[in-house]
Structures are given as structure tokens and as C-alpha cells.
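These are my notebook entries on a structure that I was asked to read. I record what I looked up, entry by entry.

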Amino acid sequence: MAIALKVNGARHSVDVPPDTPLLWVIRDVVGLHGTKYGCGIAVCGACTVHVDGQAVRSCVTAVGDVGDAEVVTIEGLHPTGDHPVQRAWRDANVPQCGFCQTGQIMQAAAFVATTRNPTDQQVSEAMSGNICRCGCYQRIHAAVKAAGTGA
Amino acid sequence: MVATTTTTMRPLIENVSRRGFLAGASAATGLVLALQLVPLRGALAAAAPYATGATEMPHGAVNDPHVFVSIDPDGTVTIVRHRSEMGTGASTGLPMVLADEMEADWSRVRLVQAPGDEPRYGNQDTDGSRSMRHFIQPMRQCGAAMRQMLEAAAAKQWGVPAGEVEAVNHEVVHKASGRKLGYGDLATTAMAEPVPPLEQLRLKEAAAFRYMGKGNVPMYDLHDITTGKAVYGQDVALPGMRFAVVARPPVVGGKVKSFDPAEALKVPGVEKVLEIPGSAPPAKFAPLGGVAVVAANTWAAIKGREALKIEWDDGPNASYDSAAFKAQMLETARKPGKVVRNEGDAEAALASAAKVVTAEYYQPHIAHAPMEPPVATAVVGGGKCEVWAPVQSPYGTREDLAKFTGLPMEAVRVNVTLLGGGFGRKSKCDYALEAAFLSKELGGTPVKVTWTREDDIQSGFFHTTSVERLDAGLDAGGKVVAWRHRSVAPTIMSTFMPDPKLQAAFELGMGLQDVPFAIPNLRCENGEAQAHARIGWFRSVSNIPHVFAMQSFASELAHAAGRDPKDFLLELIGPARKIDTKAAGFVDEYWNYGDPYETYPIDTGRLAHVVGLAAEGIGWGREMPKGRGLGIAVHRSFLAYIATAVEVEIGADGRLSVPRVDTAVDCGFPVNPERIRSQMEGAAVMGMSLAMFGEVSFKNGRAEQANYDTYEVARIDGSPLEVHTHIVPHGYDVPAGGVGEPGLPPFAPALCNAIFAATGKRVRDLPISKHDLRAA
């Protein structure tokens, strides 16, 4: 049974069981690879996407539960990749290997959309679900802060 | 140089590992290329070539501009990056060196990734913190040759002597006439010019560097990474590709007794279930074997695997138990081991010392857990094998694939994607071999094998577990007169040969033998230990346990002597000198990270200097409020000197935080200070992960941790966010050392020394999270 899905404004019809995690639909069926698999149990944040503007872990979000909500992945965050968070990321030279960074950016983008001028602690709390094994946290923190203050 | 000691002298975790330790030695020595670093005497003293271990690595180094550079008529300069990118920035850094030397404008440079082809590009093993230190010279030579070829082509076109023209920022200028030719205009003619021989190369003066030493070049992939366009191994997609996951034996050396695929095949999307033959250890990087589920997407494969019914034969490691093994290692460490360094008479000095201090340290197994778990995509059919994978050793992978598939090397191609972290795990290509096996079995269908996080943490090549026992004798004045360090740990060589039991030279040379202290009676011993899991190298390797013990113990001795730990550490290091390893009692020739000792001696002056810088940075000696403490540790590894000072705060609830870290780095010429900083910041976080949580324990032969919930790593809210990196400035005349790994070893001991300063509690058994740090 095909499931209708809207990703980055485009409509897709995917033929998978409804309990299939959104992550694998995005990656293996829709074919967008910016959203990463890191743990499969919502503890690392590499798979973070926006569903109706909320940051969610797509690895534990069943595609059947998404309905007609708007799914936005890193590819759809900004047409030229110039969302303030993306720019802040580049200004601070955040990434090392870069693998977790799309999830970090999606998490940060949802956060700064609702929290202006965040405190240090708010930033750490908001980003604490996203693991970076290279250890770019110092720069992630700085970049989120910069994006959150509109600097 | 080519005597039987070659294997132990070489750089060669990698040589040993991937060529097979015996074949490797001869292969490596026979394959040093013609275009090698010939010492250049005379004119260019400031940039005179120096010897490195690059020539000792398989396929050495290549400095031919025709291999690394091409120029389009529109002026685009394309540079090949032949090392893998896993986050250190090396694959940007080396082309940056080349571009600087050839006066190319970085904004007009494009990079392409080389496939695994060492005869063409030189060694590609991206590990051992070797990329910059082994390839800065060949890359400068490539760049200088290319620049001179561009100048020669322009001079010819203008009919003027070559000495009158100069390459400046992507064009060649004839000053006298004001004429200019862009690199694009010279694309064809410059490439037709002969490559100048090494002795005619004019390297740039340091004052003319645009990028080297500046830190002004961001990672090449930065924009793609932030927009989701960067392609990692996980992101490879081929037409008709199938998706596979593998149920591997839960115990190393185990195998499938029987399996029933029926339920798995009922899972929607599952297409095929097939067995992958395993191999009993030592099996190098051969797959563990097991049962593969092939499906229309990854999730279907995962669900199919859950539905498999498999009966395992656990094999000889079925009773591996970390607690029992620790007890066994402790017992071994309490008895004499094989002496690997013997200076003076430590036994006698311990017997007659006024005070003897003893401590035993424990390091559990740890898993690399890179954010991208192992993954590979293969197409094997029609007499060919092509693989796309995040691998640190693309040529070694190609060799292993050739052997595994029975195809000749020419029929095997390895395409290197970006690596979502590596840390040594992706030097071991079992996942690529699995993908190749499955594609072959499926008649050439493209297959992507994905390791789940659980697979990654439970079935990897673990960092070894160890017990380090140290005894020191102090005289009545509190001066250390004797030092004895016994190390007991399964060796990495157990992955390559049966029952080696003792640590190899490269392991002994990472923080055991090379203790840099001026103590008259000093003895290092290695006790036997057998491996019961696959042991592999993890970022900074044996330095992790050795240095945790050595640098914690130095601080413990300071306490015993009633002295300030930093002053005491400096006193232990003693006067500035280059350690004479023979006089210092090294039993076998010191490994020295595979590089010549004359180029990179152990320089205690540089070691002491970074201690001072880190201490100064953190404000050593300042009054600390209750619950706060400072700790310091230092180590030379991968030919770089790094001191780490940590400020720790322990709350009333025992919660630990690290408000500040100061890391002082002397890595010789700091080629890309911006990436050096990022590596040090990252090392502090990874150091935090290992010290706080790092443990994979085994019970009944099975790893007890499975995902980031049970194998925890540092998160942003528990990590140091104020890491201050102090880079010792040097010119090109001080050979570049490693950067990717050496930041890690001093962190855990510095942290534990700080915890002691804050609480009086000494953590000797890692991880820290097992200890109650609340005030007693």
C-alpha cells in the first residue's frame, strides 16, 4: 500500500510498510542522503529532520505517522544553503568529518527558530541530543549562539 | 636497514597489518619509488629536504606534478587528494601545500579524490598521524615543479630567459615588460615542459607562503557538509542497488551452526538470505561471517535480520569475561615480564628506596564508534570488482579485495568516499569484503552492506584492554630514584598472527619504553596476555593506556613527595636533552613512529616547554574554590609534544564538569593551525568520552554494550567547551609532526589528576563514571 509523503515541498508515493522509519524512506526510497543513520534509537541525532517545523528523530518516526505534514531535510532547509545556521557553521569552521553535522544543523535551525538570544545553557540543552564523535561541540556551541543572536 | 628487525622498526602498524607482517616487510622495502626524497645539499638551506619514514611505507611517496596536478584552459587547477578524509583536514591540507607552493589561487582549485592506487600516488594509509608529516615535502616538491614548469612555458612563449619571469597568484608575470599569462593560458604548454629534477627545485621562502602556516583555508568540503551534499560511504547509491545487513557471530571465532531464513523471508522487502563464511582468528580483516539479509531497503534488511533464527557455535572465546580477564592481567602485572627497557638497576634501587609507591591502572576495551558505522557498496561481476567505501587504507582494501575475490589487482577498483569518522576502525576493511562477497553471490548486483550501530560497537576491532602496574622508589628527599612500569595487554598483532601474547615494538614504543623521565634506574616490562576479541588500533593506540598510567603516576608521586604536580613533572623530565635511546637502556631499537630518529629525536626540552605553556594557559597555581582542581599531563606521541591542563569541577552531587582545558602543542611546523586547533578541541572531547565512559566489557564472550545508550560518549552538555590551544610557533625547518592523534593521550591522566586535586580521590580504574566522586 503506497503512502503519500511530502518532503522538501515535493510529493512522493512510497510503497513501504507504514512502520518503516522515515529515515530509511528518505534515504533509501526518496533518495536524499543528507539525513544520516547513526544509531537507530534516537540517541545520536544524526537523522534529525523537521516535521512541520519541529526537529524530530527520523529513525524512530514511522512514515505512516507523518501523514500530510511537511518534512524538511537538510537539502530543503534553504535553497542555496544559506540558512543563518548553515552560514554560522561555515563561519566557525565547525565540522571535522562532518557526518553528524546535517543533523546538528537541523536541530539548531529548529531551536533558533523558537529561541532568540539563547543562553549558554539553553544551547547546551538544545544540542545535547546530538552526538559528534569528532568533538566539534565548542564550535557547534559558538555557531548556534551566533545564529541565535542573529550575529 | 633491511635486517630482520625491519618489521619492528617500521612505522608499521599499517605495514604489519595490511601486507601481512612478513610479506609486508619485503614488499615495502622493494617498492621505494624512484622519485624519492634525495637529500639536497647547498643553496636552499632553509628548505633542505629531511628524511622521514615516508620512504619506508609501502609505495613510499610520489612527487610528480603530472600525477597530482592538472590545469584546465579556464584556469581551474585540479589537485588530487590521495589521502582519505575522516575529519583531520589532511585531504585539504596537502593540496593546500601544493597550491601554495605552485602559487595557485585556492579559490580556483578543485580537488578530486584518488582511488586506491599506491603505485601511482604513493602510500595512502591515512593513519598514524602521517599525512602531513610524510607528504608535506613531496607536495611542496610537486608544487614547486609545477610552478617552474609554468614559468618555463611562459618564458618560452615570450622568448625571454626563465629567470625574468615569476609565477604570482595564478599567473606568470614578466616584470620587465609587464606581460602576464594566466595559468589557464599556459595549461597545455606548461604540462609539456620537462619536470625539473629535485636538485633544481626552488621552494618558496616562508615569507611568501599564502596558505602554509596561516590557517586561512577552510575544509574543501565545508559547504557540501553543511548542505547535505557531501557523499559519505553511507550515501553511495547505484542503480538497482540492494541493501544488506549481516547477523555476525556474537563471539569472535564463533560460527553459524544452523539457521532458518523462513521468517526473515516473510518480511516485506526482504529478497534473499545467505550465509557469509567466517574465518577463525587471526584472520586480519576477513569478515567474521554470519548470515546476510538482502532487501529492497535497509530497514527491511534490519527487520529481516531480527526475524532470522540462528544457532551459533561460539567457539574458543565463549567464556571471555572482562572481570576475570582483568584479574588475570593484574596477576601477570605483579610478576616480572619481558624487559623492554633497562636503565641502571631499578630492582636494587626499589629495594633500597626510602619509600616505594605502587599503583595499578586499568583500561577497558573501547570501541571506535565513528558517527558513520562501517558501510560499503560493491559490484562484483564480469571479472571485475568495484567498491565504494569510507576506507582509511584504500590500497590495502584493494589488495584484500583482490585476494578475497580471486581477481587480479587490475580488475579491482576502490573508490574512496568521505569518511564519517574513522579513528582507526576504517583501516580494517572487513565491511568492504562483506559487500564484495554478497555482490558476487548475487551475480554482480550492486550491494550496500550497512553496519548498524549495534554491529559497530559489538563486532569491531577493539582497542586493547590493559593493566599497567607502576612501582617507584623515592629517596629521603622525595626524589624519584627508581621507576618500574609493567604493561599487560593483548596485542594488535593477535589480529594477524596466532597467539603473539607480547606487545609489538610499535606498541611498546607508544608510552611504555619512551617514558621521558630523567630517573637513574628505570625499567619497563611487558607481561603476556592473550586476545579473546579482535584487537585493532584506535586513535593514538597504546599511548592511551600507557600514558594514562605514566602521567597519572607522575602526579601520584608528586603527592607522595609532597610536591606541586607540575613542578614535579618538570623535575622528572629533567634537563633539556635529546634522549639517547641506547644509553637509556631501550632493549630493541626504538620504533619512533617509523620515522628516523635523527629527524625526530625525543627532545625533552620541547616536552618541558609545552608543560610550561599549558600550565601558564590555565593559570596553574591559582587558588581553587572547593570542589575544583587542576591537573596536568604531557606526552610526546606521533612526533608531536602535547601538554594538557584540565580544570575540573565536582559538584556536591558528584557530577563532574570541565570548565576549561589548555592544550599546548609543539608539532613542528604548524602547517594548518586552524585544523590543529580543531583536532585539539576534538581530542579533549574524545578524551572525555574515553575517560568518563569508555568501556566495552565482555561476558560469555559477548560485548555487553550495544549502542550509544549503553556505550556512552561525551555530549555537548558534558564536554569541555573552552579548549584553548597554544601552538608553539616553528618554521618549516622544524619538521612537521603528527596532529590527528597526539592530543588524546594526555587528556585522561590530566583529568584524573585534576579530579584528585579537587577531591583527593584517585581514579585508577577507567571509566570514571563507575566511581563516586562525591566528597567523602
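Before listing any partners, I noted the rule for pairing: two strands pair if DSSP finds at least two bridges between them. I also noted that the model is predicted.

**Entry 1: the sheet in chain B**

I began with the order of the strands. Chain B holds an open sheet of seven strands in the order 9-10-7-17-14-15-16, and the pairing is mixed. I then looked for its edges, which are strand 9 (270-276) and strand 16 (412-416) of chain B, each pairing on one side only. From one strand to the next, the twist averages 25°.

I followed strand 7 of chain B to its partners. Strand 7 (residues 242-247) pairs with strand 10 (residues 290-295) of chain B in the antiparallel sense, over five bridges. Within this pair, B:Phe243 has B:Ala295 in strand 10 as its bridge partner. With strand 17 of chain B, strand 7 of chain B pairs in the parallel sense, over three bridges. Here I found B:Ala244 opposite B:Val449 of strand 17.

Next I turned to the pairing of strand 17 with strand 14 of chain B. These two strands run antiparallel and are joined by four bridges. B:Ala378 has B:Val447 in strand 17 of chain B as its bridge partner.

**Entry 2: B:Val245**

Is B:Val245 buried or exposed? A residue counts as buried if 20 or more other C-beta atoms lie within 10 Å of its own. B:Val245 has 27 other C-beta atoms within 10 Å, and therefore it is buried.

I then listed its contacts, leaving out residues up to four places away in sequence. B:Val245 touches B:Val293, B:Ala301, B:Ile302, B:Arg305, B:Thr450 and B:Thr452. I also looked up B:Val270, which is 25 residues from B:Val245 along the chain; their C-alpha atoms are separated by 11 Å.

**Entry 3: a helix across the sheet**

Helix 15 (residues 430-441) of chain B lies across strands 7, 9, 10, 14 (375-381), 15 (384-389) and 17 (447-450) of chain B. Helix 15 of chain B runs at about 35° to strand 14 of chain B.

Helix 18 (residues 543-560) and helix 19 (residues 565-573) of chain B pack at an angle of about 110°, and their axes are 9 Å apart. Helix 18 of chain B is therefore roughly perpendicular to helix 19 of chain B. The crossing of these two helices is right-handed. On the helix 18 side I listed B:Ala554, B:Ser555, B:Leu557 and B:Ala558, which meet B:Pro565, B:Phe568, B:Leu569 and B:Leu572 of helix 19. By class, the residues of this contact are seven nonpolar, one polar and no charged.

Helix 19 of chain B also packs with helix 20 (residues 604-618) of chain B, at an angle of about 170° and with axes 10 Å apart. Helices 19 and 20 of chain B are therefore roughly antiparallel to each other. Helix 19 contributes B:Lys566, B:Leu569, B:Leu570 and B:Ile573, and helix 20 contributes B:Thr604, B:Leu607, B:Ala608, B:Val611 and B:Ala615. This contact has seven nonpolar, one polar and one charged residues.

**Entry 4: B:Leu613**

I looked up B:Leu613, which lies in helix 20 of chain B. B:Leu613 counts as buried because it has 21 C-beta neighbours inside 10 Å. Apart from neighbours within four places in sequence, B:Leu613 is in contact with B:Ala643, B:Ala664 and B:His726.

**Entry 5: chain A against chain B**

How many residues does each chain give to the contact between chain A and chain B? The contact takes 48 residues from chain A and 48 residues from chain B. On the side of chain A, helix 5 of chain A gives the most, with four residues. The residues on that side divide into 23 nonpolar, 19 polar and six charged.

Methods: Residues numbered from 1 in each chain as written. Chains lettered and ligands numbered in written order. Predicted model: local features only at pLDDT ≥ 70, side-chain atom pairs only at ≥ 80, totals over all residues. Axes fitted to C-alpha atoms, helices over the stretch in contact; angles between N-to-C directions. Contact = placed C-beta atoms within 7 Å. Nonpolar A, V, L, I, M, F, W, Y, C, P; charged D, E, K, R; others polar. Parallel < 35°, antiparallel > 145°, perpendicular 65-115°, else oblique. Left-handed = near helix turned anticlockwise from the far one by under 90°. Buried ≥ 20, exposed ≤ 12 C-beta atoms within 10 Å, placed from the backbone.
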